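Thank you all for coming.

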Amino acid sequence: MIRSLSVCLAYYENPSMLDFQIRAFCLMPRELRKGFELVVVDDGSPTRPAADVIRALGFKIPFGFQLYRMGVDIPWNQDACRNLAVSKATHEWVLLTDMDHIAPWMTIRALRLKPLNHKDAHKFARVNAPDFEPYKPHPNSWCMTRKLYDTVGGYDERYAGIYGTDGPFGAG
């Protein structure tokens, strides 16, 4: 059985990466697009909102897709965006990562097929582009159940406005 998965991304003024993410997920094999969704929360982008990127695609997204927008532009408010995305995700398992990180569809396949402990937050190996040299795991790339995310308290939104403080996951 293939596990359903919601990928949750915070967006801010990065239309080329949102376009890239959607197009990359469109290239997944059809069987992986079933039970897959992308949940994007725009952090109040003032000049290049995510909705404009979606309109400019010119095609229907062939998997589940949800788009939300924060009502105000609070600097470095990605923690609230992640919390909102997880709360709106429709699948039990969620993958959170940054907009400028790419989860290849082969990683998505592994997450959906391999046994995963529902009591663990799963981290990932990472490489730098363009040389693909191994690099330390990113502090904001996780796969876990929504229940575990809620149990640990999600991201602590009190750190909004301060770059680099989105590490206190589960500190809320």
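Predicted model: local features only at pLDDT ≥ 70, side-chain atom pairs only at ≥ 80, totals over all residues.

Helices (H or I, at least four residues) and strands (E, at least two) are DSSP runs, numbered from the N terminus.

Residues are numbered from 1 along each chain as its sequence is written, and side-chain values use heavy atoms, with hydrogens and water left out.

Which residues of α3 are buried? In this helix, which spans residues 50–57, they are A50, V53 and L57. Seen down the axis of α3, these buried residues fall within an arc of 55°, so they line one face of the helix; the arc is that of the directions from the helix axis to the C-beta atoms. Their cover includes β1 (5–11), α1 (15–26), β2 (36–42) and β3 (64–69), where contact means heavy atoms within 4.5 Å. After α3 comes G58, with a positive phi near 80°.

Turning to the cysteines, a disulfide is taken as a pair of cysteine sulfur atoms within 2.5 Å, and by this rule the count is 0. For C8, the closest cysteine sulfur is in C143, at 9.9 Å, which is too far for a bond. C81 is in no disulfide either, since the nearest cysteine sulfur, that of C8, is 11 Å away. C8 counts as buried because its relative accessibility is 2%, and C81 counts as buried at 1%.

Finally, the whole chain, which has 6 helices and 7 strands. Of its 172 residues, 44% are buried. A compact globule with 172 residues would have a radius of gyration near 16 Å, and the protein chain, at 15 Å, agrees with that; the radius is taken over C-alpha atoms, and the globule rule is 2.2 Å times the number of residues to the power 0.38. Among contacts with a separation of 6 or more, 74% join residues 24 or more positions apart.

How values were computed: Buried < 20%, exposed > 50% of the residue type's maximum accessible area, 1.4 Å probe, protein only.
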